[in-house]
Amino acid sequence: MRHYDLVVLGMGSGNMLLDDEIAHLRTAVVEPDRFGGTCLNRGCIPSKMFVVTADAVEGARAAARLGVDATVDRVDWKAVRDRVFGRIDPLHDSAVNYRREHGVDVYTEEGRFVAPKVLQVGAEQLTADTFVLAVGSRPLVPDVPGLDAVPFHTSDTVMRIDDVPSSMVVIGGGFVAAEFSHVFGSFGTGVTIVQRGPRLLTSEDEQVSARFTELASRRHRVLLDTVVASVAQDGGGVAVTVNGPDGDEVLRAATLLVCVGRRPNTDRLDAAAGGLELDEHGHIAADEAYRTSVPGVWALGDVVNHFQLKHMANAESRIVRHNMVHPEDLRTLTNRVAPHAVFTSPQIAAVGLTEQEARRRGIPYLASVRDYADTAYGWALEDTTSFVKVLADPRERTILGAHIIGPQAATLIQPLIQAMALGQTVDQVAREALYIHPALTEAVEQALLGL
Ligand SMILES: Cc1cc2nc3c(=O)[nH]c(=O)nc-3n(C[C@H](O)[C@H](O)[C@H](O)COP(=O)(O)OP(=O)(O)OC[C@H]3O[C@@H](n4cnc5c(N)ncnc54)[C@H](O)[C@@H]3O)c2cc1C
Ligand SMILES: NC(=O)c1ccc[n+]([C@@H]2O[C@H](COP(=O)([O-])OP(=O)(O)OC[C@H]3O[C@@H](n4cnc5c(N)ncnc54)[C@H](O)[C@@H]3O)[C@@H](O)[C@H]2O)c1
């Protein structure tokens, strides 16, 4: 049995934990796959590299509205894919070498608890004063008859395929469905989205979700309120039997992409044997300071939080590092707001309350919506579909939520995130700062002035 000061499981956001402040600790890290985890290898980063390429294709196709004759001759998928992963793949070896050169023991097999604070890694057993669990999540595979007998993709594999498929059925209508339908649709794949809910991106503000559903339906076949009954092999492709408002239908496609959410990897580390309590959704239970039910064991990232977003995992990694070194001065994330963006077309970004949530919870609110088309830059874009929506507290005049659908949404929302985090009022944000003319931020300013 080997003893360490610190053992970190999972080298996604867990890798960010290690810095000079804890360099003196005798440390081991355990990662059976690639350093960088989901975000770097099969999540945020490669997907956005594909999205930028898809945006370029769509930009060329949409140029006619500006009076530009442009055509897209071909997307060289293999060249795009190899550019993306040619940049990402070499990082693993250098990250492993870097840790080893800095005195960290790197274990490359899965870690499983055999008792509280006793970890089996291959033939070795490791104990430590402090464990940090950053083992992430993985795509959820729904219980659909026949799915176990056909080849299908998840976000883990679809970015590495050899050719752009002629057709694709996408099961799910969330983040991954929205982003990958944009990517493959732009590259020429005929996409059919099967969504069991009434709209795509149902957890977004209902106005944004409705607008996105309408726009996505112009590009792809979108089946709403539809469930997948079964899946079967169909020559080289798949036949997906779905049941929707118009009855049963068999969808035939070259490729199947399953994206119905992600599940935390608590089973892969045997949380039960480690004495770790889980919450009602199967995540590791932790308090606001990211302490688990076992003293000396901390957890961060997708395995513990429900947002499953990289900026949350990054922030948690900084907090856990601080808290394990300064137990007398525990930090939390509770006062921070959790924004997100969906990098589809058009982009979507949100923070805080949705209008339907405010209504459901009986929270009084003011709402203001401003179209990009009402601003000078919106005119330049010839935009007709994008908007900024802000919800505010009628008494305090602080921002309760903000929702943007349109070009640069993920960037435009940042002043509103800032305002929420700092508790600024609508009037402060609207009137005490100048908004550059004629930038798209004027849509944000005008939405605020409408409150
Ligand atoms: C397609 C896609 C796109 C995304 N895009 C975005 C985005 O644009 N913005 C955003 O904020 N978020 C995005 N996300 C979410 C983001 O990737 C995750 O929230 C983030 O990677 C979680 O980090 P983590 O460190 O918790 O887990 P991970 O990055 O998954 O790291 C966990 C690591 O633990 C390892 N591991 C698992 N079990 C064990 C074990 N028993 N022992 C040791 N190691 C183990 C795994 O191999 C893995 O390397 C995206 C996700 C996907 C799938
Ligand atoms: N831009 C980003 O930040 C980004 C991008 C991609 C992924 N992610 C992260 O990855 C997570 C997983 O993404 P996702 O799209 O797989 O999940 P999701 O939770 O965003 O969406 C799941 C979708 O699948 C549908 N669904 C669930 N079960 C179903 C079933 N049995 N049949 C048909 N539809 C079903 C749901 O109605 C929902 O629309 C996201 O929640 C997010 O945290 C983030």
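1. Helices (H or I, at least four residues) and strands (E, at least two) are DSSP runs, numbered from the N terminus. For the classes, Ala, Val, Leu, Ile, Met, Phe, Trp, Tyr, Cys and Pro are nonpolar, Asp, Glu, Lys and Arg are charged, and the others, Gly among them, are polar.

2. A word on ground rules. Residues are numbered from 1 along each chain as its sequence is written, while chains are lettered from A and ligands numbered from 1 in the order in which they are written. As this is a predicted model, local features need pLDDT of at least 70 and side-chain atom pairs count only at pLDDT 80 or more, whereas totals for chains, interfaces and linings use all residues.

3. Now ligand 2. Its shell has 25 residues, with Gly-172, Gly-174, Val-176, Val-260 and Gln-308 coming nearest. Helix H5 (175-186), strand E11 (227-234) and strand E17 (340-342) each supply at least two of the shell residues, and H5 has the largest share, with four. Sorted by class, there are 13 nonpolar, nine polar and three charged residues.

4. Have a look at Val-135, in the loop between strand E6 (124-133) and strand E7 (137-139). Is Val-135 buried or exposed? Val-135 counts as buried because it has 32 C-beta neighbours inside 10 Å. The cut-offs, with C-beta atoms placed from the backbone, are 20 or more other C-beta atoms within 10 Å for buried, 12 or fewer for exposed, and anything in between for partly exposed. Leaving aside residues up to four places away in sequence, Val-135 touches Leu-9, Gly-10, Asn-265, Arg-268, Leu-269 and Val-303. Touching means C-beta atoms, placed from the backbone, within 7 Å. Val-8 is 127 residues away along the chain, yet the C-alpha atoms of Val-135 and Val-8 are separated by 9.1 Å.

5. Next, a helix pair. In H2 (residues 44-62), Ile-45, Pro-46, Met-49, Phe-50 and Thr-53 meet Val-80, Val-84, Phe-85 and Ile-88 in H3. This contact has eight nonpolar residues, one polar and no charged ones.

6. His-437 sits in the loop between helix H12 (426-431) and helix H13 (441-449), and counts as exposed because it has 11 C-beta neighbours inside 10 Å. The bond from His-437 to Pro-438 is a cis peptide bond, with omega about -5°.

7. Asp-225, which isn't a glycine, has a positive phi near 50°, and is exposed, with 12 other C-beta atoms within 10 Å. Gln-408 has a positive phi near 65°, and is partly exposed, with 19 other C-beta atoms within 10 Å.

Key: A residue is near a molecule or strand if its C-beta atom, placed from the backbone, lies within 6 Å of it. Two residues are in contact if their C-beta atoms, placed from the backbone, lie within 7 Å.
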